[in-house]
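I opened this notebook page to record what I looked up in the backbone and in the core. The entries follow the order in which I worked.

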Amino acid sequence: MKKGDVIGGYRITSEPTNANGGKCIWAFAEKDGGQYFIKRFLEPKRPRDDDTRDTPSLRIRRQLAAEFEQRHRTIMERLRPDARGGGNLVLATGFFHEGSTYYKVTERIDTSSLEKPQALEPRQKTVLLKTLGMSLKQLHDIGIVHGDLKPLNVLVQKRDGAAFHTAKLIDFDDSYVSGSPPAPDDIAGDSVYGAPEWRRYMQRDESVGPEHLTCAVDVFALGLMTHLYLTGELPHHDKRYGSPADAVNAGEQLDLDTRLSDAMLGLLRAMTARAPGSRPRITTFLKSLDDPKVCALQPRRPGTSRKPSARSTPSTGKPTDTAPRSRVKANLTSAGGRPGTGPSTSGTGRPGTTPSTSGTGRPGTTPSTSGAGRPAAAKDAPATGSPAHAPATGSPAESPAAAPSATPAPPPSEATSPPRSRVRINLGDRGRGRGPTGGSS
Amino acid sequence: MSANIEQYQGNLQYAVDIVLCVDATGSMFPVLDNVKASALQFHDRLNDVMAKKGKAISQLRLKVIAFRDFGDDASDAIQQTDFLHLPTQAKDFEQFVRGIDASGGGDIPESGLEALALAINSPWETGLDRRRHVIVMFTDAPAHPLGTVGTSASTYPKNIPSSIDDLFEQWGYARSQTSVMEQSAKRLVLFAPDQAPWSDPIAEEWDLTLHFASKAGEGLEEFEMDEIIETIANSL
């Protein structure tokens, strides 16, 4: 996949990138006048249809491909854009393979550049958090764990003339059914936003089994993100710990910002509790936001200042300085941008593009950073006028990731290679027709 | 990057192993210095990027395989290091990298697949909590088919597959019974021309492979190393 290629009818309009993409490569694309985000999975690869051998290797790979297709179809069927609140989920509009590679398409969404969500008025913050919570609720209501909730997987949007910023959730490729996560080596997640039980699960702590990885994993991450959106920083913790979850696992309480209201402090304390069962459900989170005052910051209380020397300064996920960029632009992950968002160059921009920051921005997105650091969009990003952003690409859950690879364009010297199947097979397509704000698709 | 003894022992431990396969034939002369410079800065830059993300690597090891062409001069067709721990073995790493000179190569295809086979069969880290195993191939040329050139030379690698199909099985896929690499940990990053075997079958058919097309004398610029660093940092 490279800029200018046409894949499945979609013309690639930005340089593909792996930035923040995990197991995928992503880019922006257009088709029939519509703007899209396209993600190329790095795995699995689909055996060629014209390879009719029956070997153990091919049997396994055909089975993997069939399971992959089924998983994606299932998620697409379960997450319907017409469901209440579904408009805040950026869902796939197409899923197909071309040659050996799988692709997924979502509508491209323009994001706003919200540099400092913490500077919003309480009511604005409430709306932002509520829309994020509503998005998550759509998943939790059907027993799905997002699995990789972090700022880079949340697109902040403000339509022209709208009074409020809203949040749209992207990248469900790492999602899993509550209580049935992928194996410890395969499960996705971010080391900063990961929940305590997720960390212990990966460490193969015998006290944590698959059944302990539930929607509460997302609630922990949402607690951290809420703190970030309201204060501009993640909760602090003792610097001996590598992450908030590590601190919590060690029995430490996170150092929450004392400017937060008592109600919010209580909510966040509960959301970041060590025991998954002690965390509130998403409905409780939403209900807690009924009164915008909950999101207000107060003057720091006397005697409650932090002790920076002993606490770590958590990463905010925001782009920080100008890090080197890469040729691909996008970003997806935690501190970085996420694929699916605009052509930015996120942490990696290409030479000549805007300095990215942190290396993580979302490609193509505008400099938005919504609370979580998204890198500024690259200048060369596809001109959309506004920062566009793209859906996340990603990662796991749904699985496979994509691989950047090679553009199919076999050179003459490939004469010895068997002919490749270039047939595109549509594996799921919701069709277009969604509103311009998309996102919901 | 090394473990901080003051750190809480329950923190999640990440291990990163990287094998750099570097085409050191004459045609790489215009870009080899860039590749070497990028390699030497790799450790510091990865640390910087990780720190900005609020993340840390518990163990980083690098291995370098410089390759030329067994069909031209088998005596220096492969030169390699063991896995070197950084930063503690940074001097050994630097000494080897600085000693790579662009020379030889003979015909256009090089012995890149032999280098890739050696990389795949490296002694990858199997401990710690989560691992990332990355092979990076820098070349501006297609490759001789495995097992066809220089196989009788005493320096030809022993115990590597004799065909690309067999090498594919060693690279593996989920549930593979023949893979020598950990599926969830591995990545193959190709800075190689849009030619066989790099674009097809490798980039087209192999899991977890990223291909950035290069041209002779071009395409191995600094930002590409940044791409690798981002790929690693974002995956942890």
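I began with B:L208, which lies in the loop between α5 and β7 (209–213) of chain B. B:L208 has a positive phi of about 55 degrees although it is not a glycine. Is B:L208 buried or exposed? I found it buried, because 28 other C-beta atoms lie within 10 Å. The cut-offs are 20 or more other C-beta atoms within 10 Å for buried, 12 or fewer for exposed, and partly exposed in between, with C-beta atoms placed from the backbone.

The model is predicted; local features need pLDDT of at least 70 and side-chain atom pairs count only at pLDDT 80 or more, while totals for chains, interfaces and linings use all residues. Residues are numbered from 1 along each chain as its sequence is written, and chains are lettered from A and ligands numbered from 1 in the order in which they are written.

I next looked up B:N159, in the loop between β5 (130–138) and α4 (164–171) of chain B. B:N159 also is not a glycine, and its phi is positive, at about 60 degrees. B:N159 is exposed, with 7 other C-beta atoms within 10 Å. Most residues other than glycine have a negative phi, and most peptide bonds are trans.

I then noted two cis peptide bonds. One runs from B:A196 to B:P197, with omega near 0 degrees; B:P197 is in the loop between β6 (186–192) and α5 (198–205) of chain B. The other runs from B:D200 to B:P201, with omega near 20 degrees, and B:P201 is placed in helix α5 of chain B.

Which residues touch the most other members of the largest nonpolar core? Of its 161 residues, they are A:I38, B:C21, B:I65, B:I135, B:V136 and B:L190. Such a core is a set of buried Ala, Val, Leu, Ile, Met, Phe, Trp, Tyr and Cys residues joined through C-beta atoms within 7 Å. Helix α4 (residues 216–231) of chain A gives the largest share of this core, 11 residues. I recorded that 16 of the 16 residues of α4(A) are buried. Just after α4(A), A:G232 takes a positive phi of about 90 degrees.

Last, I listed the contacts of B:L190 (C-beta atoms, placed from the backbone, within 7 Å). Leaving out residues up to four places away in sequence, B:L190 touches several residues, among them B:M137, B:W198 and B:F212.

How values were computed. Helices (H or I, at least four residues) and strands (E, at least two) are DSSP runs, numbered from the N terminus. Two residues are in contact if their C-beta atoms, placed from the backbone, lie within 7 Å.
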